[in-house]
Amino acid sequence: MFGVPTLIRNGKILTSNDEFVADLLIEGEKIVAIGQSLNQDADRIIDAEGMYVIPGGVDQHVHFSFNYKGSKVRGFETSNAAAVGGTTTLIEFVNQEPGKGLVSSIEDYRKKEVDGIAMVDYCFHSIMTDPRDEVIEEIPKLAEAGYPTMKLFMAYKGMFFHADDDTVLKALIKGKEAGITIMVHAENAEMIDVLSKKLISEGKTAPYYHAVSRPPVVEAEATQRAIYLSKLAGAPLYVVHVSCKEAMEIIRDSYDKGLPVFGETCSHYLVLDESDLARPDFEGAKYVCSPALRTEEHRAALWEAIEKKWLNAVSSDHCGFDWIDQKHMGIDSFMNIPNGAPSLQNRMNILWTYGVCAGKISKQRFVDLFATMPAKINGLEHKGSIGVGYDADIVLFNPSYRGVISVKNNLEGVDYCPFEGFEQKGRAESVFLRGNMIVEKGKYIGEMGQGRFVPGKAYGAAYDGWR
Ligand code: URP
Ligand code: ZN
Ligand code: ZN
């Protein structure tokens, strides 16, 4: 039930810059006090000794409506997978529908497929697919509606959501008028098209060739080009799902030169690599996502980048396609394999086990990448931090838990898990969404529809010091 006054005692509170033992009091949907030996008469008292108390995660990159060549991912009816993975807010990418505006596309989708279904809180990024003049003019209206971010696909030549340079430039210029953060999927569509057709003509059709068709230079080129476009526009830029060293270094160096250029990476780029794409018996298709998985050299560079703040978030890029019915569309050609992998539930597990426990990132960086920074980038003022006045989205994280990641324990509604068999250290023991316990002893106990729309505020963190 929402609104039970709750005292969480003796937990070790982790924030993006601190760690201390304290009590935390929840009233209504908010954190109302943090302190030593809080002596309140709460209706519910939870002893969190031995647990870390961390903010509920904010996953700023998920797909619940993505459609690849007619095949659609699982929707918000599987969003409880986020909750058991410690994530309490999702931001989904919503295509502008043919003949509709940007805001109405999101709102129609919301009414039909999200409101009353979502099990965690949510907001949306717009994807402009039809850049007519009147649509460009509509971009500032996204801010008023609480959707202050837009993604443009520089990749995917020939698909209706592909965006040319003129679209990216116009969006950057118009978006800046209202504090909209423009996000790009940075891959050179022409390079991919030429390489893909050549590979197919040579009979190289297996999933592994997905990576060969889009090597790091494809991503680096588009990243650099997008940065030049943003420089010309005088607008900030956010590069999503950075997968390679070259692109990361371009972002890092541009920022160092004073440009407001930021980027995220995703959990799969940190622990998987192109050898997964080479798995036999079409298993490699499970790992087809764009940009493609890389090599150990790139993985190491990305871990360094997230620890050193050269990239500022780790998202899931969750895309729930089944292997048997959907990935097999591409049995004869990697070009027809739906792009994307399910990873909503394991973002925290990957970051903690292979980041914090492996000594690659600090606990504070973990909190920042998992919750705090994504909230700030997207203008979610009351999410992503433990502090008085914030929404009581809280994870009691048990660092002693030991397990193995498997599709068997997965709520994503997909027939495979890309992290199958991975060791898992720690888990979200209890999760609170605005004060309501929705995960207990690692199991989802919430209700469908308890998630709520959270409007994002314009001028997110990419505009800091820039406006
Ligand atoms: O392969 C991916 N990443 N699929 C989801 C769509 C996208 O490009 O983000
Ligand atoms: Zn993308
Ligand atoms: Zn994506």
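Reader: Where is Gly56 found?
Author: This is a predicted model. In it, Gly56 sits in the loop between strand S5 (52-55) and strand S6 (57-63).

Reader: Is Gly56 buried or exposed?
Author: Buried. Gly56 has 30 other C-beta atoms within 10 Å, and 20 or more count as buried.

Reader: Which residues is Gly56 in contact with, leaving aside neighbours within four places in sequence?
Author: Gly86, Thr87, Thr88 and Thr89 are among them.

Reader: How far apart are Gly56 and Lys383 in space?
Author: 7.9 Å, C-alpha to C-alpha. In sequence, Gly56 and Lys383 are 327 residues apart.

Reader: New topic. Which helix holds Thr167?
Author: Helix H4, residues 165-177.

Reader: Why does Thr167 count as buried?
Author: Because Thr167 has 20 other C-beta atoms within 10 Å, and the cut-off for buried is 20 or more.

Reader: And what is Thr167 in contact with, beyond four places in sequence?
Author: Met128, Pro131 and Leu152. Take Pro131: its C-alpha atom is 6.4 Å from that of Thr167. The two are 36 residues apart along the chain.

Reader: Now the ligand. Which residues are around ligand 1?
Author: His63, His185 and His241 are there, along with Phe66. Cys289, Ser290, Asp317 and Cys319 are also around ligand 1.

Definitions and conventions:
Residues are numbered from 1 along each chain as its sequence is written. Chains are lettered from A and ligands numbered from 1 in the order in which they are written. This is a predicted model: local features need pLDDT of at least 70, side-chain atom pairs count only at pLDDT 80 or more; totals for chains, interfaces and linings use all residues. Helices (H or I, at least four residues) and strands (E, at least two) are DSSP runs, numbered from the N terminus. A residue is buried if 20 or more other C-beta atoms lie within 10 Å of its own, exposed if 12 or fewer, and partly exposed in between; C-beta atoms are placed from the backbone. Two residues are in contact if their C-beta atoms, placed from the backbone, lie within 7 Å. A residue is near a molecule or strand if its C-beta atom, placed from the backbone, lies within 6 Å of it.
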